[in-house]
Amino acid sequence: MSSIPSRTIEFNLQKNIGYFKIPSFQYDSAREFRNMIKGVFQELKAKKIENLILDVRNNGGGYGEAADEVLRYLISAPIFPYKDEYAVVKKIPNPKHYEKDGFFKHFRRQPLVKKGDTYHIKNIELQRILPKKASYTGKLYVLQNAASASATGTFLGLVKSYTNATFIGEEAGGNPGETTANDLLRLTLPNSKVRVTIPVLRSVMNLSFDHKGHGVLPDYGAVPTIYDLLQRRDVALDLAYKLIDENQK
């Protein structure tokens with residue numbers, strides 16, 4: 001069994017199966033996160049692992065860039081993740097009350113084009129995610145649950161749209177088709193001094209399926225009972241191993 005130690009991820013190999021758990025897309029260092037992801041997929045490729053279990057249960061999201069970095073190792077051709085991205089304002093009203101952080105500066109630099117009553121990011125539909133050289137080409141099994149939310153929800157939507165993954169567990173908690181978390185402005189109300197976070201952009205993802213208000217639905221349901229929890233049985237992971245075993249016969 002091989003492992004890559006990490007504060008944020010869990011990775012191990014057993015026979016011809018890789019298990020890769022990503023509990024969060026939040027990180028302290030973008031470089032450290034990229035290097036960890038790169039190391040995992042380089043080892044998968046070097047050892048010609050044919051089955052990968054990707055576990056994003058209880059991953060409440062984080063940075064979209066982190067989710068995209070993982071996605072780069074799961075696709076075999078360039079994809080165009082966005083269908084549209086727009087705001088209801090062109091300029092930030094009363095900018096003096098907002099924190100001048102990265103999100104604030106990013107929104108102010110956006111090339112906005114007015115269409116009707118909304119302002120759309122110019123050429124957002126041309127933005128690409130390119131595959132990596134160490135992109136994984138084997139069978140992919142994704143474990144998800146109701147706490148797979150926010151950036152993880154959109155990540156699952158893109159994985160479903162652009163890979164042949166098998167999804168196991170529960171309906172994901174995040175919306176795969178839309179998100180309002182790409183630009184978040186932080187406002188301090190002038191009188192009460194209460195701090196408020198306000199989303200500015202709505203992103204519409206370029207999916208291959210109609211989500212109809214649901215999170216990504218599993219191909220195989222696996223919801224633990226109280227008995228399973230008391231016995232510390234991981235029914236979703238057990239089912240993934242069972243499916244892999246059946247597919248190898």
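Asp 55 is buried, with a relative accessible area of 0%; buried means under 20% relative accessible area, exposed over 50%, and partly exposed in between (1.4 Å probe, protein chains only). This is a predicted model, in which local features need pLDDT of at least 70 and side-chain atom pairs count only at pLDDT 80 or more, while totals for chains, interfaces and linings use all residues. Residues are numbered from 1 along each chain as its sequence is written, and side-chain values use heavy atoms, with hydrogens and water left out.

What does Asp 55 form a salt bridge with? The partner is Lys 21, and the closest N and O atoms are 3.7 Å apart. A salt bridge here is a side-chain nitrogen of Lys or Arg within 4 Å of a carboxyl oxygen of Asp or Glu. Asp 55 lies in strand S4 (residues 51-55) and Lys 21 in strand S3 (residues 17-21), so the pair ties together parts that are 34 residues apart in sequence. Helices (H or I, at least four residues) and strands (E, at least two) are DSSP runs, numbered from the N terminus.

Next comes Asp 234. Its salt bridge is with Arg 57, at 2.7 Å between the closest N and O atoms. Asp 234 sits in the loop between helix H5 (226-230) and helix H6 (235-247), and Arg 57 in the loop between S4 and helix H2 (64-71), so this pair ties together parts that are 177 residues apart in sequence. Asp 234 is partly exposed, with a relative accessible area of 25%. Arg 57 counts as buried, at 13% relative accessibility.

A further bridge joins the side chains of Arg 195 and Glu 99, at 2.4 Å from N to O. It links distant parts of the chain, 96 residues apart: Arg 195 is in strand S12 (residues 195-199), and Glu 99 is in the loop between strand S5 (82-87) and helix H3 (102-108). Arg 195 counts as exposed at 55% relative accessibility, whereas Glu 99 is partly exposed at 28%. Salt bridges that share partners join Lys 21, Asp 55, Arg 57 and Asp 234 into one network. The whole structure has 9 salt bridges.

Now turn to H6. At 1.5 Å a residue, its 13 residues should span 18 Å, and its end C-alpha atoms are 18 Å apart, which agrees. The expected span is 1.5 Å times one less than the number of residues. Buried residues in H6 include Val 235, Leu 239 and Leu 243. An α-helix has 3.6 residues a turn, so residues three or four places apart point the same way. The buried residues of H6 pack against S3, S4, strand S8 (139-144), strand S9 (166-169), strand S14 (220-221) and H5.

S8 holds Val 142, which is buried at a relative accessible area of 1%. The C-alpha atoms of Val 142 and Arg 57 are separated by 9.0 Å, although the two are 85 residues apart along the chain. Leaving aside neighbours within four places in sequence, the contacts of Val 142 (heavy atoms within 4.5 Å) include Leu 54, Val 56, Val 159 and Phe 167.

The aromatic rings come next. Rings of Phe, Tyr and Trp (its six-membered ring) pair if their centres lie within 6.5 Å; planes under 30 degrees apart count as stacked, over 60 as edge-to-face and the rest as tilted. The count comes to 7 aromatic pairs. Phe 41 and Tyr 73 form a stacked pair, 4.9 Å centre to centre with 10 degrees between the planes. Phe 41 is in helix H1 (residues 30-46) and Tyr 73 in the loop between H2 and S5, 32 residues apart. Both are buried. Phe 11, Phe 20, Phe 41 and Tyr 73 form one aromatic cluster.

Finally, the nonpolar cores. Such a core is a set of buried Ala, Val, Leu, Ile, Met, Phe, Trp, Tyr and Cys residues joined through side-chain atoms within 4.5 Å. Of the 54 residues in the largest nonpolar core, Phe 20, Phe 41, Leu 44, Leu 140, Phe 155 and Val 159 touch the most other members. H1 gives the largest share of this core, 6 residues. Apart from this core lies another, of 14 residues, among them Tyr 141, Ile 168, Leu 237 and Leu 243.
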